[in-house]
Amino acid sequence: MSDFIPPAKPIIGDEEREAVDRVLRSGMLAQGPEVKAFEQEFADHFKLGRACVAVNSGTSGQHLGLLASGVKAGDEVIVPSFTFAATANSVALTGAAPVFADIDADDFGLSPESVEAAITERTVGIMPVHLYGHPAKVDRLLEIAARHDLQVFEDAAQAHGASLNGQPVGAFGSFAMFSLYPTKNMTSGEGGMVSVANAEVERLVRLYRNQGMEKQYHNEVVGLNNRMTDIHAAIGRVQLTKVDAWTKRRQENAAFLDANLTGVTTPPVREGAVHVYHQYTVRVPEDRDGFAQALRDEYNIGSGMFYPVPNHRLKPFVSASHPELPETERAARECLSLPVHPSLSQDDLERIVTAVNALAEAGA
Ligand SMILES: *Cc1c(COP(=O)(O)O)cnc(C)c1O
(Lines give C-alpha, C1' and ligand atoms only; values in the text may rest on other atoms or scores of the structure.)
Protein backbone atom coordinates (compact mmCIF):
# COMPACT_ATOMS: atom_id res chain seq x y z
CA MET A 1 0.00 0.00 0.00
CA SER A 2 1.17 3.60 -0.59
CA ASP A 3 2.62 5.56 2.30
CA PHE A 4 0.28 6.93 4.95
CA ILE A 5 -0.81 10.52 4.33
CA PRO A 6 -1.12 12.12 7.78
CA PRO A 7 -3.90 14.64 8.46
CA ALA A 8 -1.36 17.20 9.77
CA LYS A 9 2.42 17.49 9.76
CA PRO A 10 4.38 20.14 11.66
CA ILE A 11 7.44 21.30 9.69
CA ILE A 12 10.60 21.89 11.75
CA GLY A 13 13.77 22.80 9.87
CA ASP A 14 17.44 23.35 10.64
CA GLU A 15 16.76 27.05 11.25
CA GLU A 16 14.44 26.20 14.16
CA ARG A 17 17.00 23.75 15.58
CA GLU A 18 19.74 26.37 15.33
CA ALA A 19 17.54 28.98 16.99
CA VAL A 20 16.83 26.64 19.92
CA ASP A 21 20.52 25.85 20.22
CA ARG A 22 21.35 29.57 20.29
CA VAL A 23 19.01 30.03 23.27
CA LEU A 24 20.29 26.92 25.06
CA ARG A 25 23.88 28.11 24.67
CA SER A 26 22.96 31.54 26.04
CA GLY A 27 21.99 29.88 29.32
CA MET A 28 18.90 32.12 29.60
CA LEU A 29 15.94 29.87 28.94
CA ALA A 30 12.91 31.57 30.46
CA GLN A 31 11.01 34.59 29.14
CA GLY A 32 13.48 37.17 27.87
CA PRO A 33 14.66 38.95 24.72
CA GLU A 34 13.42 36.25 22.30
CA VAL A 35 9.87 36.56 23.65
CA LYS A 36 10.00 40.34 23.39
CA ALA A 37 11.22 40.19 19.79
CA PHE A 38 8.65 37.51 18.88
CA GLU A 39 5.78 39.67 20.18
CA GLN A 40 6.82 42.63 18.03
CA GLU A 41 7.55 40.52 14.95
CA PHE A 42 4.21 38.71 15.22
CA ALA A 43 2.24 41.98 15.43
CA ASP A 44 4.20 43.40 12.47
CA HIS A 45 4.04 40.27 10.35
CA PHE A 46 0.27 39.92 10.49
CA LYS A 47 -0.22 43.72 10.29
CA LEU A 48 -2.31 43.68 13.45
CA GLY A 49 -1.64 47.31 14.28
CA ARG A 50 -1.76 46.52 17.99
CA ALA A 51 0.39 45.05 20.73
CA CYS A 52 0.89 41.31 21.16
CA VAL A 53 1.65 39.39 24.35
CA ALA A 54 3.13 35.88 24.18
CA VAL A 55 2.00 33.16 26.59
CA ASN A 56 2.54 29.44 27.10
CA SER A 57 -0.55 28.24 25.20
CA GLY A 58 -3.50 29.48 23.22
CA THR A 59 -5.83 28.48 26.03
CA SER A 60 -3.81 30.55 28.52
CA GLY A 61 -3.99 33.49 26.15
CA GLN A 62 -7.75 33.20 25.91
CA HIS A 63 -8.09 32.85 29.69
CA LEU A 64 -5.87 35.85 30.44
CA GLY A 65 -7.48 37.96 27.72
CA LEU A 66 -10.88 37.34 29.29
CA LEU A 67 -9.63 38.10 32.81
CA ALA A 68 -7.95 41.28 31.57
CA SER A 69 -11.18 42.30 29.82
CA GLY A 70 -13.01 42.12 33.13
CA VAL A 71 -14.99 38.91 32.52
CA LYS A 72 -15.93 37.43 35.91
CA ALA A 73 -18.30 35.15 37.82
CA GLY A 74 -21.94 35.93 37.08
CA ASP A 75 -21.19 37.08 33.51
CA GLU A 76 -22.13 35.25 30.33
CA VAL A 77 -20.04 35.01 27.18
CA ILE A 78 -21.61 33.70 23.98
CA VAL A 79 -19.46 31.10 22.23
CA PRO A 80 -20.01 28.53 19.51
CA SER A 81 -20.54 24.93 20.61
CA PHE A 82 -18.93 23.70 17.38
CA THR A 83 -15.29 24.37 18.37
CA PHE A 84 -12.42 23.00 20.42
CA ALA A 85 -13.24 22.84 24.14
CA ALA A 86 -10.65 25.53 24.95
CA THR A 87 -13.09 28.22 23.82
CA ALA A 88 -15.70 27.38 26.47
CA ASN A 89 -13.09 26.22 29.02
CA SER A 90 -11.37 29.62 29.02
CA VAL A 91 -14.69 31.34 29.69
CA ALA A 92 -15.63 28.89 32.45
CA LEU A 93 -12.21 29.29 34.12
CA THR A 94 -12.92 33.00 34.72
CA GLY A 95 -16.05 31.99 36.64
CA ALA A 96 -18.33 33.27 33.86
CA ALA A 97 -20.78 31.00 32.04
CA PRO A 98 -20.31 30.05 28.40
CA VAL A 99 -23.62 30.31 26.52
CA PHE A 100 -23.67 28.38 23.27
CA ALA A 101 -25.04 29.79 20.03
CA ASP A 102 -25.42 28.10 16.66
CA ILE A 103 -23.16 28.38 13.64
CA ASP A 104 -23.87 29.23 9.99
CA ALA A 105 -23.34 26.67 7.26
CA ASP A 106 -21.50 29.12 5.00
CA ASP A 107 -18.44 29.63 7.23
CA PHE A 108 -18.84 27.29 10.24
CA GLY A 109 -18.66 30.43 12.41
CA LEU A 110 -21.14 31.93 14.88
CA SER A 111 -24.53 32.81 13.42
CA PRO A 112 -25.28 36.49 14.15
CA GLU A 113 -29.02 35.71 14.45
CA SER A 114 -28.40 32.90 16.93
CA VAL A 115 -26.03 35.12 18.93
CA GLU A 116 -28.55 37.93 19.13
CA ALA A 117 -31.20 35.50 20.38
CA ALA A 118 -28.86 34.26 23.13
CA ILE A 119 -28.15 37.70 24.65
CA THR A 120 -29.40 38.21 28.21
CA GLU A 121 -28.81 40.98 30.77
CA ARG A 122 -25.78 39.01 32.00
CA THR A 123 -24.08 38.83 28.61
CA VAL A 124 -20.80 40.75 28.52
CA GLY A 125 -19.13 39.39 25.41
CA ILE A 126 -19.23 37.33 22.24
CA MET A 127 -16.35 35.03 21.30
CA PRO A 128 -16.43 33.98 17.65
CA VAL A 129 -14.02 31.30 16.43
CA HIS A 130 -12.40 31.68 13.01
CA LEU A 131 -12.90 27.98 12.52
CA TYR A 132 -10.66 26.00 10.15
CA GLY A 133 -8.92 29.26 9.17
CA HIS A 134 -12.02 30.95 7.72
CA PRO A 135 -12.92 34.32 9.29
CA ALA A 136 -16.18 34.36 11.25
CA LYS A 137 -18.72 37.14 10.65
CA VAL A 138 -16.88 39.50 13.02
CA ASP A 139 -18.12 42.58 11.18
CA ARG A 140 -21.76 41.72 11.93
CA LEU A 141 -20.95 40.53 15.44
CA LEU A 142 -19.26 43.87 16.18
CA GLU A 143 -22.47 45.66 15.12
CA ILE A 144 -24.53 43.48 17.44
CA ALA A 145 -22.00 43.98 20.23
CA ALA A 146 -22.12 47.76 19.80
CA ARG A 147 -25.93 47.77 19.98
CA HIS A 148 -25.94 45.73 23.21
CA ASP A 149 -22.80 47.25 24.75
CA LEU A 150 -20.83 43.98 24.62
CA GLN A 151 -17.21 43.14 23.84
CA VAL A 152 -16.02 40.84 21.05
CA PHE A 153 -13.17 38.42 21.77
CA GLU A 154 -11.66 36.53 18.84
CA ASP A 155 -10.57 32.91 18.94
CA ALA A 156 -8.07 33.06 16.08
CA ALA A 157 -6.30 29.83 17.16
CA GLN A 158 -6.63 28.39 13.66
CA ALA A 159 -6.47 31.52 11.55
CA HIS A 160 -2.99 33.10 11.35
CA GLY A 161 -3.08 35.38 8.31
CA ALA A 162 -6.81 35.09 7.54
CA SER A 163 -8.70 38.31 6.84
CA LEU A 164 -12.17 39.71 6.30
CA ASN A 165 -12.72 42.63 3.92
CA GLY A 166 -9.00 43.38 3.98
CA GLN A 167 -8.70 43.47 7.77
CA PRO A 168 -6.64 40.71 9.43
CA VAL A 169 -8.31 38.49 12.00
CA GLY A 170 -6.91 39.37 15.40
CA ALA A 171 -7.47 43.07 14.74
CA PHE A 172 -11.25 43.13 15.27
CA GLY A 173 -12.06 42.38 18.91
CA SER A 174 -10.98 43.69 22.32
CA PHE A 175 -8.44 40.91 22.19
CA ALA A 176 -7.68 37.91 20.03
CA MET A 177 -5.82 34.68 20.70
CA PHE A 178 -3.62 32.79 18.24
CA SER A 179 -2.50 29.27 19.14
CA LEU A 180 1.03 28.09 18.40
CA TYR A 181 0.40 24.40 19.04
CA PRO A 182 2.34 22.08 16.67
CA THR A 183 -0.57 21.25 14.36
CA LYS A 184 -1.62 24.89 13.89
CA ASN A 185 -0.53 26.86 10.81
CA MET A 186 2.67 27.84 12.63
CA THR A 187 4.10 26.67 15.93
CA SER A 188 6.39 27.49 18.81
CA GLY A 189 6.11 23.96 20.28
CA GLU A 190 3.36 25.04 22.64
CA GLY A 191 2.40 28.68 22.88
CA GLY A 192 -0.12 31.40 22.30
CA MET A 193 -0.16 35.02 21.20
CA VAL A 194 -2.69 37.55 22.43
CA SER A 195 -3.28 40.70 20.40
CA VAL A 196 -4.84 43.48 22.43
CA ALA A 197 -6.77 46.56 21.36
CA ASN A 198 -5.98 48.75 24.36
CA ALA A 199 -2.99 49.47 26.53
CA GLU A 200 -4.70 48.79 29.87
CA VAL A 201 -5.85 45.33 28.77
CA GLU A 202 -2.36 44.66 27.43
CA ARG A 203 -0.86 45.63 30.79
CA LEU A 204 -3.28 43.34 32.63
CA VAL A 205 -2.50 40.37 30.35
CA ARG A 206 1.19 40.94 31.11
CA LEU A 207 0.43 41.07 34.85
CA TYR A 208 -1.70 37.91 34.85
CA ARG A 209 0.99 36.13 32.85
CA ASN A 210 3.57 36.83 35.54
CA GLN A 211 2.09 36.30 39.04
CA GLY A 212 0.42 39.70 38.93
CA MET A 213 3.72 41.58 38.83
CA GLU A 214 5.19 44.05 36.39
CA LYS A 215 7.96 44.92 38.84
CA GLN A 216 9.31 42.12 41.01
CA TYR A 217 7.59 41.93 44.41
CA HIS A 218 5.18 44.72 43.52
CA ASN A 219 2.26 42.33 42.98
CA GLU A 220 -0.85 44.16 41.82
CA VAL A 221 -3.33 41.34 41.13
CA VAL A 222 -3.57 37.57 41.65
CA GLY A 223 -1.77 36.07 38.68
CA LEU A 224 -0.48 32.87 37.13
CA ASN A 225 2.76 31.74 35.56
CA ASN A 226 1.74 31.58 31.92
CA ARG A 227 4.99 32.86 30.48
CA MET A 228 6.43 31.68 27.19
CA THR A 229 10.06 30.54 27.29
CA ASP A 230 12.76 32.02 25.06
CA ILE A 231 13.27 28.51 23.66
CA HIS A 232 9.72 28.46 22.32
CA ALA A 233 9.83 32.07 21.15
CA ALA A 234 12.98 31.33 19.15
CA ILE A 235 11.12 28.55 17.29
CA GLY A 236 8.15 30.82 16.69
CA ARG A 237 10.32 33.62 15.29
CA VAL A 238 11.72 31.28 12.65
CA GLN A 239 8.27 29.92 11.81
CA LEU A 240 7.04 33.49 11.23
CA THR A 241 9.48 33.76 8.32
CA LYS A 242 7.94 30.63 6.73
CA VAL A 243 4.24 30.84 7.48
CA ASP A 244 3.27 32.89 4.41
CA ALA A 245 4.75 30.35 2.00
CA TRP A 246 3.00 27.54 3.91
CA THR A 247 -0.32 29.39 3.78
CA LYS A 248 0.06 29.81 0.03
CA ARG A 249 0.64 26.06 -0.29
CA ARG A 250 -2.44 25.33 1.81
CA GLN A 251 -4.50 27.62 -0.44
CA GLU A 252 -3.13 25.98 -3.60
CA ASN A 253 -3.82 22.52 -2.20
CA ALA A 254 -7.36 23.59 -1.32
CA ALA A 255 -7.90 25.00 -4.82
CA PHE A 256 -6.85 21.65 -6.32
CA LEU A 257 -9.21 19.74 -4.03
CA ASP A 258 -12.06 22.22 -4.75
CA ALA A 259 -11.60 21.71 -8.49
CA ASN A 260 -11.37 17.93 -8.40
CA LEU A 261 -13.49 16.53 -5.58
CA THR A 262 -16.95 15.27 -6.48
CA GLY A 263 -19.66 13.77 -4.31
CA VAL A 264 -18.76 15.68 -1.13
CA THR A 265 -19.52 19.32 -0.27
CA THR A 266 -16.28 21.31 -0.47
CA PRO A 267 -15.65 24.12 2.07
CA PRO A 268 -17.35 27.42 1.27
CA VAL A 269 -15.43 30.70 1.20
CA ARG A 270 -17.50 33.82 1.78
CA GLU A 271 -17.06 36.94 -0.30
CA GLY A 272 -14.42 39.22 1.25
CA ALA A 273 -12.88 36.34 3.22
CA VAL A 274 -9.30 35.10 2.93
CA HIS A 275 -9.29 31.47 4.11
CA VAL A 276 -5.96 30.08 5.38
CA TYR A 277 -7.11 26.44 5.44
CA HIS A 278 -5.97 25.31 8.85
CA GLN A 279 -8.35 22.49 7.92
CA TYR A 280 -9.95 21.60 4.61
CA THR A 281 -13.34 20.44 5.79
CA VAL A 282 -15.87 18.70 3.58
CA ARG A 283 -19.33 17.46 4.46
CA VAL A 284 -20.17 13.78 4.11
CA PRO A 285 -23.93 13.67 4.67
CA GLU A 286 -24.22 9.86 4.98
CA ASP A 287 -22.06 7.77 7.33
CA ARG A 288 -19.15 10.17 7.76
CA ASP A 289 -17.47 7.85 10.29
CA GLY A 290 -17.54 4.90 7.89
CA PHE A 291 -16.15 7.16 5.16
CA ALA A 292 -13.21 8.20 7.37
CA GLN A 293 -12.55 4.58 8.33
CA ALA A 294 -12.52 3.47 4.68
CA LEU A 295 -10.24 6.37 3.73
CA ARG A 296 -7.78 5.06 6.27
CA ASP A 297 -8.20 1.29 5.79
CA GLU A 298 -8.52 1.17 2.00
CA TYR A 299 -6.43 4.16 0.92
CA ASN A 300 -4.04 4.81 3.85
CA ILE A 301 -5.15 8.43 4.09
CA GLY A 302 -5.68 10.13 7.47
CA SER A 303 -8.43 12.63 8.14
CA GLY A 304 -9.78 14.50 11.16
CA MET A 305 -13.16 15.02 12.77
CA PHE A 306 -13.39 18.52 14.19
CA TYR A 307 -15.61 18.24 16.16
CA PRO A 308 -17.76 15.09 16.48
CA VAL A 309 -19.02 16.04 19.98
CA PRO A 310 -20.15 19.66 20.18
CA ASN A 311 -19.26 21.44 23.43
CA HIS A 312 -22.83 21.54 24.75
CA ARG A 313 -22.69 17.73 24.90
CA LEU A 314 -19.40 17.62 26.85
CA LYS A 315 -19.78 16.69 30.52
CA PRO A 316 -18.64 20.05 31.98
CA PHE A 317 -21.11 21.95 29.78
CA VAL A 318 -24.23 19.77 29.56
CA SER A 319 -26.12 22.11 31.86
CA ALA A 320 -25.05 25.29 30.03
CA SER A 321 -27.88 27.24 28.46
CA HIS A 322 -28.31 27.38 24.72
CA PRO A 323 -31.00 27.70 22.07
CA GLU A 324 -31.62 24.99 19.44
CA LEU A 325 -28.36 24.25 17.64
CA PRO A 326 -29.37 22.48 14.41
CA GLU A 327 -26.40 23.58 12.28
CA THR A 328 -24.02 22.63 15.09
CA GLU A 329 -25.56 19.16 15.31
CA ARG A 330 -25.44 18.72 11.55
CA ALA A 331 -21.81 19.87 11.27
CA ALA A 332 -20.78 17.54 14.12
CA ARG A 333 -22.33 14.65 12.17
CA GLU A 334 -21.10 15.54 8.67
CA CYS A 335 -17.74 17.29 8.88
CA LEU A 336 -14.55 15.58 7.82
CA SER A 337 -11.21 17.36 7.45
CA LEU A 338 -8.97 16.08 4.66
CA PRO A 339 -5.20 16.63 4.57
CA VAL A 340 -4.36 20.09 3.15
CA HIS A 341 -1.03 20.78 4.90
CA PRO A 342 1.96 22.19 3.01
CA SER A 343 3.92 18.90 3.03
CA LEU A 344 1.50 17.22 0.59
CA SER A 345 2.96 16.29 -2.79
CA GLN A 346 1.01 16.44 -6.06
CA ASP A 347 0.88 12.65 -5.89
CA ASP A 348 -0.65 12.85 -2.40
CA LEU A 349 -3.28 15.32 -3.61
CA GLU A 350 -4.20 13.07 -6.52
CA ARG A 351 -4.47 10.07 -4.20
CA ILE A 352 -6.81 12.04 -1.93
CA VAL A 353 -9.02 13.02 -4.89
CA THR A 354 -9.15 9.48 -6.26
CA ALA A 355 -9.99 7.99 -2.88
CA VAL A 356 -12.62 10.55 -1.85
CA ASN A 357 -14.35 10.46 -5.24
CA ALA A 358 -14.40 6.66 -5.30
CA LEU A 359 -15.80 6.41 -1.75
CA ALA A 360 -18.38 9.14 -2.42
CA GLU A 361 -19.52 7.32 -5.56
CA ALA A 362 -19.67 3.96 -3.78
CA GLY A 363 -21.75 5.50 -0.99
CA ALA A 364 -24.12 7.40 -3.27
C1 LIG B 1 -6.01 24.95 19.36
C2 LIG B 1 -7.21 25.74 19.72
C3 LIG B 1 -7.32 26.41 20.95
C4 LIG B 1 -6.32 26.27 22.07
O5 LIG B 1 -5.02 26.47 21.75
P6 LIG B 1 -3.86 25.73 22.59
O7 LIG B 1 -2.63 26.42 22.09
O8 LIG B 1 -3.91 24.28 22.20
O9 LIG B 1 -4.11 25.95 24.02
C10 LIG B 1 -8.43 27.18 21.17
N11 LIG B 1 -9.41 27.29 20.27
C12 LIG B 1 -9.36 26.64 19.09
C13 LIG B 1 -10.48 26.80 18.12
C14 LIG B 1 -8.27 25.82 18.78
O15 LIG B 1 -8.24 25.16 17.63
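Q: Where does tyrosine 307 sit?
A: Tyrosine 307 is in the loop between α10 (288–299) and α11 (326–334). Helices are DSSP runs of H or I with at least four residues, strands are E runs of at least two, and both are numbered from the N terminus. This is a predicted model: local features need pLDDT of at least 70, side-chain atom pairs count only at pLDDT 80 or more, and totals for chains, interfaces and linings use all residues. Residues are numbered from 1 along each chain as its sequence is written, and side-chain values use heavy atoms, leaving out hydrogens and water.

Q: What is the peptide bond from phenylalanine 306 to tyrosine 307, cis or trans?
A: It is cis, with omega near 15°. Most peptide bonds are trans.

Q: What makes the phi of lysine 47 worth a look?
A: Lysine 47 has a positive phi of about 50°, yet it is not a glycine. Most residues other than glycine have a negative phi. Lysine 47 lies in the loop between α2 (33–45) and β1 (51–55).

Q: Why are α9 and α12 called roughly parallel?
A: Helix α9 (residues 243–260) and helix α12 (residues 346–363) pack at about 30°, with axes 10 Å apart. Axes are lines fitted to C-alpha atoms over the stretch in contact, and angles run from 0 to 180 degrees between N-to-C directions. Under 35 degrees counts as roughly parallel, over 145 as roughly antiparallel, 65 to 115 as roughly perpendicular, and the rest as oblique. The pair is therefore roughly parallel.

Q: Which residues make the contact of α9 with α12?
A: Asn253, Phe256, Leu257 and Asn260 of α9 touch Gln346, Leu349, Glu350, Ile352, Val353 and Asn357 of α12. Contact means heavy atoms within 4.5 Å. The classes are five nonpolar, four polar and one charged. (Nonpolar: Ala, Val, Leu, Ile, Met, Phe, Trp, Tyr, Cys and Pro; charged: Asp, Glu, Lys and Arg; polar: the others, Gly among them.)

Q: Why are α3 and α7 called oblique?
A: The axes of helix α3 (residues 58–68) and helix α7 (residues 199–209) come within 9 Å and cross at roughly 125°. That angle makes the two helices oblique to each other. From α3 come Leu64, Gly65, Leu67 and Ala68; from α7 come Val201, Leu204, Val205, Tyr208 and Arg209. Seven of these contact residues are nonpolar, one is polar and one is charged.

Q: Why are α3 and α4 oblique?
A: The axes of α3 and helix α4 (residues 86–93) come within 9 Å and cross at roughly 40°. The pair is therefore oblique. Thr59, Gln62, His63 and Leu66 in α3 meet Ala86, Thr87, Ser90, Val91 and Leu93 in α4. This contact has four nonpolar, five polar and no charged residues.

Q: What makes a space a cavity, and what makes it a pocket?
A: On a 1 Å grid over the protein atoms alone, a 1.4 Å probe fits in a cavity but cannot get out, while a pocket is an open set with protein on both sides within 12 Å along at least five of seven lines; lining residues have an atom within 4 Å of a point. The whole structure has two cavities of 30 Å³ or more. The largest cavity holds about 170 Å³. It has 19 lining residues, and Lys9, Thr183, Lys184, Arg250 and His341 are the closest to its centre.

Q: Which residues are closest to the centre of the largest pocket?
A: The largest pocket holds about 400 Å³. Of its 25 lining residues, Phe84, Gln158, Tyr181, Thr183 and Lys184 are closest to the centre. The volume is the space filled by probe spheres set on grid points, which are joined across faces, edges and corners. α3 and β8 (175–179) each supply at least two lining residues. The lining divides into 11 nonpolar, 11 polar and three charged.
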